[in-house]
Amino acid sequence: RHPRGARVIAFDARGNMWVSRTNDGIVTMIDIQEGRAIGQKDIFTGLKKPHGLAFDPASKAEGDLYLAEEGGLSRVAVYRSDARNPENGWYEGMTDLEEVELSLRLYSSIVPGKFLELPTSRAYRNHFSRTIAFGPDKKLYLSIGSSCNVCIEKEDRRAKIFQVDMKVNRETGGYDVALVPYAIGLRNAVFFVWHPETDAMWATEMGRDELGDDLPPDEINIIEAGKDYGWPYCYGKQVVDTVFENVSETREHCAQSTPAYIDLPAHSAPLGLAFIPDSWPEKYRGDLLIAYHGSWNRSEPTGYKITRIKLSESGQYEGEEDFIAGWLTENEKSFGRPVDLKFGPDGALYASDDKAGVAYRVTYEAAERFEPVPAPSDGCRVTGCSGEVCSDEEITTACLFQPEYVCYQTTVCERQANGECGWTETGELSSC
């Protein structure tokens, strides 16, 4: 459990979790051993909207951490092998968290120094998140959202995904760093990952506001180098935005742009996404999970859940279903908002929640499916994965057991006075 604002999750080479807490300007480390958190501490404080976290997979060191604040990129070594020696305070049984604290105290500034400046904005909602990740090519990628809801950008480093070009300067011994546009026309692609089989980049994209409850769709895009994804002129499947519909060049521009791969419900606010690994049950393998952060300006709230995008072996869209829901209550109040999704070194799914201030660990257990009872003469039968449904036809439900399902065994599934199948209460139910 963290204080508020848990956003991006990153795992270091030792399997420990690092979490950015954007609103509080903090990066927290959680020391994980055998799937359990044995300690946590705020490692970096006083930052300006820290968001993206990424460990360099090509580094010879265990812990070269890249950190993206709104206004810049930083790099810092959080583990130093020479920290573990008697002169520097080494002692038997030092935890990873204690080693990080010692390494930073001995060798690094507590607040990392920026090696690349990034655009900032005074307005809170003008897309301040900066997300980073290393791709299969071992290069660093950076996403920067637009400065507005819908407009022609004046800042060239907005509404794009960049490749961060870092070359060694032989004279200074440091790096010459530049941002190289990778894809454009992306209003706010806050999170992106790579497909485990094709190495293609997939990104979530938030659509603009002020077009009503149902427009425009949020998106999943497959990002290709050099492509234009339409913003601000169009959204979704090359639909022209009404702001630009009277501009003669707009339709031609949109026709040449890359359409969304998958349209998502408007205002769901898709953030983190993760492909389900082969270590999970066969029915889930290769599918895509998406964290819907949830709407803030819709007349009826939507999102506030994690959904599963079903994909064929070739990556074709086959449908969507809820994977984890319940953060949004029946009276339209939320007690949590999922953000990032990462599968850890232990194979478990980890999800951050910036409203509840927690990180969830999701695992699975093999379970035998409840076998439906044959329907009696009145046609009503007990069905559902856990025997929790009384219906006149077999119903398929998610195999998520709830303790109250046990109490259904004390009731009678039969046709009720209204003609529908339902549960008849018994004295055993009351005691249960």
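This is a predicted model: local features need pLDDT of at least 70, side-chain atom pairs count only at pLDDT 80 or more; totals for chains, interfaces and linings use all residues.

Residues are numbered from 1 along each chain as its sequence is written, and side-chain values use heavy atoms, with hydrogens and water left out.

**Stop one: Glu 70 and Lys 49**

A salt bridge here is a side-chain nitrogen of Lys or Arg within 4 Å of a carboxyl oxygen of Asp or Glu, and by this rule the model has 21 salt bridges. Select Glu 70 and Lys 49, whose side chains meet in one of them, at 4.0 Å from N to O. Glu 70 sits in the loop between strand E6 (64-69) and strand E7 (72-77), whereas Lys 49 sits in the loop between strand E4 (36-44) and strand E5 (52-55), 21 residues apart; strands (E, at least two residues) and helices (H or I, at least four) are DSSP runs, numbered from the N terminus. With a relative accessible area of 1%, Glu 70 is buried, while Lys 49, at 24%, is partly exposed (buried means under 20% relative accessible area, exposed over 50%, and partly exposed in between, with a 1.4 Å probe and protein chains only).

**Stop two: Arg 298 and Asp 214**

Next select Arg 298 and Asp 214, a salt bridge whose closest N and O atoms are 2.8 Å apart. Arg 298 lies in the loop between strand E20 (288-292) and strand E21 (305-311) and Asp 214 in the loop between strand E14 (201-205) and strand E15 (218-223), so the pair ties together parts that are 84 residues apart in sequence. Arg 298 counts as partly exposed at 22% relative accessibility, and Asp 214 as exposed at 57%.

**Stop three: Asp 287 and Arg 308**

Move to Asp 287 and Arg 308, which form a salt bridge with their closest N and O atoms 2.8 Å apart. Both residues are buried.

**Stop four: Thr 307**

Which side chain makes a polar contact with the side chain of Thr 307? That partner is Glu 320, at 3.1 Å (a polar contact is a pair of N or O atoms within 3.5 Å; within protein, one must be able to donate a hydrogen and the other to accept it, and residues adjacent in sequence count only if both atoms are side-chain atoms). Leaving aside neighbours within four places in sequence, Thr 307 is in contact with residues including Leu 288, Ile 290, Tyr 292 and Phe 323, where contact means heavy atoms within 4.5 Å.
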